[in-house]
Amino acid sequence: MKNEIRKEFKLKRKLMEKSRVAEKSGRACKLFLESDLYKNANVLMLYMPLGNEVDTTEIINKAFADCKKVVFPVTNDESGEITPCYATEDTEFKKGAFSVREPNVIDIADVLDIDTVIVPGIAFDKSGGRIGFGKGCYDRFLIKTKATKIGFCYDFQLCLKIPVEKQDIKMDYVITEAGITKIE
């Protein structure tokens, strides 16, 4: 079931035109940046977009401008373990595990210092469930943090219900270009 959902939504996202990606990403970023979720964040973990994922560049730039601490995942391609690493606006990025851009210099952040994590995914539901790429990297990382977990996706990636397993970590919020959903 998860694999069918993963395949369907990856294809829908892949087929998006770049102009739609920019428009929808801009709206989702604006909603987040105007929210208390952003205003109250001190140490923010973000992701560098891959393919047509919601582009977080606007949030990254604003966080640097606002002197927030910014962290990115560096993933071990063999174990799938995520190490959170600080970055600054001068940090250079390289292609890392799974072709995701990661900080070139490793400056490890304490997992417990991170108060907000923006989490990419293939699909989310209104109960906070998430389907990622199927490697469990984020689930293994998120279980270690007390941070607010925010799923970031396009509105079409928000499903009524997706199958979750006990190791799947639920989101506290899901943000799309259409709004912010607080998970009860």
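A pocket here is an open set of grid points with protein on both sides within 12 Å along at least five of seven lines, and its lining residues have an atom within 4 Å of a point. Keep that in mind, please. Also keep in mind that this is a predicted model.

Let's start with the largest pocket. About 570 Å³ of space lies in it. Which elements each supply at least two residues of its lining? They are helix H1 (2-14), strand S2, strand S8 and helix H5 (137-142). H5 gives the largest share, with 4 residues. By type, the lining splits into 13 nonpolar, 10 charged and 6 polar residues.

Now the cavity. How many cavities of 30 Å³ or more does the structure hold? The count is 1. The space inside the largest cavity is about 30 Å³. Its lining includes Arg 13, Tyr 47, Pro 120 and Phe 152. Glu 53, Val 54 and Gln 157 are also among the lining residues. That lining divides into 6 nonpolar, 2 polar and 2 charged residues. How do we find such spaces? Rolling a probe the size of a water molecule over the atoms shows where empty space is left.

Next, a sheet. Three strands form an open sheet, in the order S8-S7-S10, with mixed pairing. Strand S8 (130-131) and strand S10 (158-159) each have a single partner strand, so they stand at the edges, and one side of each has no neighbour in the sheet. S7, residues 123-125, runs antiparallel to S8, and 2 bridges join them. Look for Phe 124: opposite Phe 124, in S8, stands Arg 130.

On to strand S6, residues 116-119. Is S6 covered on one face or on both? Both faces are covered. Thr 116 and Ile 118 are buried on one side, and Val 117 and Val 119 are buried on the other. S6 has parallel pairings. With S1, there are 2 bridges in the parallel sense. There, Leu 44 stands opposite Thr 116. With S9, the pairing is again parallel, over 4 bridges. Ile 118 has Ile 150 of S9 as its bridge partner.

Now helix H4, residues 57-65. Which of its residues are buried? Ile 59, Ile 60, Ala 63 and Phe 64 are. Viewed down the axis of H4, these buried residues fall within an arc of 130°, so they line one face of the helix. An α-helix has 3.6 residues a turn, so residues three or four places apart point the same way. What covers the buried residues of H4? The cover includes helices H2 (18-33) and H3 (36-39). Strands S1 (43-45), S2 (69-75), S3 (82-87) and S9 (148-152) are also part of that cover. Just past the end of H4, Cys 67 takes a positive phi of about 60°.

Last stop: Pro 49. Where does Pro 49 sit? Find it in the loop between S1 and H4. Is Pro 49 buried or exposed? Its relative accessible area is 17%. Buried means under 20%, so Pro 49 counts as buried. Leaving out residues up to four places away in sequence, Pro 49 touches Val 54, Asp 55, Thr 56 and Arg 101. Val 54 also belongs to the lining of the largest cavity. One distance to finish: 18 Å separates the C-alpha atoms of Pro 49 and Asn 76, which are 27 residues apart along the chain.

Terms used: Residues are numbered from 1 along each chain as its sequence is written. This is a predicted model: local features need pLDDT of at least 70, side-chain atom pairs count only at pLDDT 80 or more; totals for chains, interfaces and linings use all residues. Side-chain values use heavy atoms; hydrogens and water are left out. Two strands pair if DSSP finds at least two bridges between them. On a 1 Å grid over the protein atoms alone, a cavity is a set of points where a 1.4 Å probe fits but cannot get out, and a pocket is an open set with protein on both sides within 12 Å along at least five of seven lines; lining residues have an atom within 4 Å of a point. Grid points are joined across faces, edges and corners, and a volume is the space filled by probe spheres set on the points. Ala, Val, Leu, Ile, Met, Phe, Trp, Tyr, Cys and Pro count as nonpolar, Asp, Glu, Lys and Arg as charged, and the others, Gly among them, as polar. Buried means under 20% relative accessible area, exposed over 50%, partly exposed in between (1.4 Å probe, protein chains only). The arc is that of the directions from the helix axis to the C-beta atoms. Contact means heavy atoms within 4.5 Å.
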